[in-house]
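This report describes selected local features of one protein model. The sequence and the structure are shown first, and the discussion follows.

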Amino acid sequence: MSLNATPASERIHIGIFGKRNAGKSSLINALTGQNLAIVSDVSGTTTDPVYKAMELLPLGPVVLIDTPGIDDEGELGKLRVKKSYQVLNKTDIVLLVCSAVEGITEEEQKLLKQIEKKQIPCILVMNKADLLEECQKGQQFKERAENAASVRGQKIPVLWVSAAKNLQIRELKEKIASGIEQKKPEYPLVEDLLEMGDFAVLVVPIDKAAPKGRLILPQQQTIRGVLEAGATAVVVRDDELCDTLQNLGKKPKLVITDSQVFGKVAKEISSDVMLTSFSILFARYKGELEVQVRGAKALDHLKNGDKVLICEGCTHHRQCGDIGTEKLPNWIRKYTGQEIEFTSGTEFPMDLSEYRMIIHCGGCMLNEREMKYRIACAQDAGIPITNYGVAIAYMNGILKRSVEVFPEIWKTL
């Protein structure tokens, strides 16, 4: 991936929801001006959420999510509906596509309640408006829109469109842009930790699971953050660290390491050099670092038979030495001295009651909304949650040093 490319996790996520044959896929094609989604008169053409990363003016980089119909039927249909509802957890703005001929139905009202509960911006898109002559007649158009917009007890934007006739599509794009609060993350990734002229050393082991010929996403984003701060990024393998530090001529301001070699790197750098990991940086950037630092302490209280959820936010080909399924479980077993049952998966469980602790990946492939949703689910269930880097630093006895770069967190330890 190019350093100039916007990863999906940093893009605005626009979820397209609605009943079967409401015209969701047609709307995506109209919004993009391309035949990106399969359109058919047969109900249930979209059977799984489909993600399409693209540029959508005037917004810029976005991910459009085409979801299965919320009125799907049968046992398989229920699973598809469940997947649609799960998409809400990562959606920055919802386009609820309704048939202008049918109006608001029970299924759509149910979804609107969930949208309101999760406080997601929403636009009600009344599609197939070309089939209603009334919607083109001034006052009647306004009355229909006002009635539809009050289904939640409050006003939400409503547009009467026709994906087939390209009616009010430009207006819908403008409404989407105005409906999204373009807020920056609470914390930058690394830019506030460095100044112009600083050196930052990034320790990157050659990971068998990483795609050949390129760095993994957290490393790419961190390098970009270092450059944005006007600092210099020096990238080395873990077995080259000592020689590199000697050859630099001056001490680096910050060393950022892959979690897998946290303990080794900590022994090789002097105590007056700040140390942290990619995973800890992402815990602050995407989630709640203080919550995850507190959560790591649960490692001291695990008992025989306790189940720990090791959760990853993406799918990748697992090879020998995989950190999530091999290295981390082995380190935890060694630390606790007891055998613990582990599980992992790309979908966050709805029921967390069987777990005594959750250890999550850095979440580089998840957007901020979904990462914070997962943390909130754990907190609501009373389950301690931490992430790979925080847990590994804790087990190596270097967590306090690893968060020294964040004084507000450091002083809590």
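## Nonpolar cores

How many residues does the largest nonpolar core have, and which of them have the most contacts inside it? In this predicted model, the largest nonpolar core comprises 63 residues. Those with the most contacts inside this core are L299, I332, I359 and F406. Helix 13 supplies the largest share of the core, seven residues.

The surroundings of F406 can be listed individually. Leaving aside residues up to four places away in sequence, F406 touches L193, T276, I280, L281, R284 and L289.

## Helix 13

Helix 13 spans residues 388-395 and is mostly covered, with eight of its eight residues buried. These are Y388, G389, V390, A391, I392, A393, Y394 and M395.

Just after the helix, G397 adopts a positive phi of about 70°.

## Helix 3 and its two sides

Helix 3 covers residues 106-117. The twelve residues of this helix should span 16 Å at 1.5 Å a residue, and the end C-alpha atoms are 17 Å apart, which agrees. E108, L111, L112 and I115 are the buried residues of helix 3. Viewed down the helix axis, these buried residues fall within an arc of 105°, so they line one face of helix 3. A general rule applies here: an α-helix has 3.6 residues a turn, so residues three or four places apart point the same way.

What covers the buried residues of helix 3? The covering elements include strand 1 (12-18), helix 2 (74-87), strand 4 (93-99) and strand 5. On the other side of helix 3, the exposed residues are E106, K110, K113 and K117.

T105 belongs to the loop between strand 4 and helix 3. Its relative accessibility is 15%, so T105 counts as buried, the cut-off being under 20%. The side chain of T105 is in polar contact with the side chain of E107, at 3.2 Å.

Beyond the helix, Q119 lies in the loop between helix 3 and strand 5 (122-127). Although Q119 is not a glycine, its phi is positive, about 55°. Is Q119 buried or exposed? Q119 has a relative accessible area of 67% and is therefore exposed, since the cut-off for that class is over 50%.

## A further positive phi

N166 is another residue other than glycine with a positive phi, here near 60°. N166 is located in the loop between strand 6 (158-160) and helix 5 (169-179).

## Aromatic pairs

The structure holds two aromatic pairs. One of them joins F282 and Y285 in an edge-to-face arrangement, 6.1 Å centre to centre and with 85° between the planes. Both residues lie in helix 9 (residues 278-286), where F282 and Y285 are three residues apart, about one turn of the helix.

Are the members of this pair buried or exposed? F282 is buried, with a relative accessible area of 2%. Y285 is likewise buried, with a relative accessible area of 12%.

Key. Residues are numbered from 1 along each chain as its sequence is written. This is a predicted model: local features need pLDDT of at least 70, side-chain atom pairs count only at pLDDT 80 or more; totals for chains, interfaces and linings use all residues. Side-chain values use heavy atoms; hydrogens and water are left out. Helices (H or I, at least four residues) and strands (E, at least two) are DSSP runs, numbered from the N terminus. Buried means under 20% relative accessible area, exposed over 50%, partly exposed in between (1.4 Å probe, protein chains only). The expected span of a helix is 1.5 Å times one less than its number of residues. The arc is that of the directions from the helix axis to the C-beta atoms. Contact means heavy atoms within 4.5 Å. A nonpolar core is a set of buried Ala, Val, Leu, Ile, Met, Phe, Trp, Tyr and Cys residues joined through side-chain atoms within 4.5 Å. A polar contact is a pair of N or O atoms within 3.5 Å; within protein, one must be able to donate a hydrogen and the other to accept it, and residues adjacent in sequence count only if both atoms are side-chain atoms. Rings of Phe, Tyr and Trp (its six-membered ring) pair if their centres lie within 6.5 Å; planes under 30 degrees apart count as stacked, over 60 as edge-to-face and the rest as tilted.
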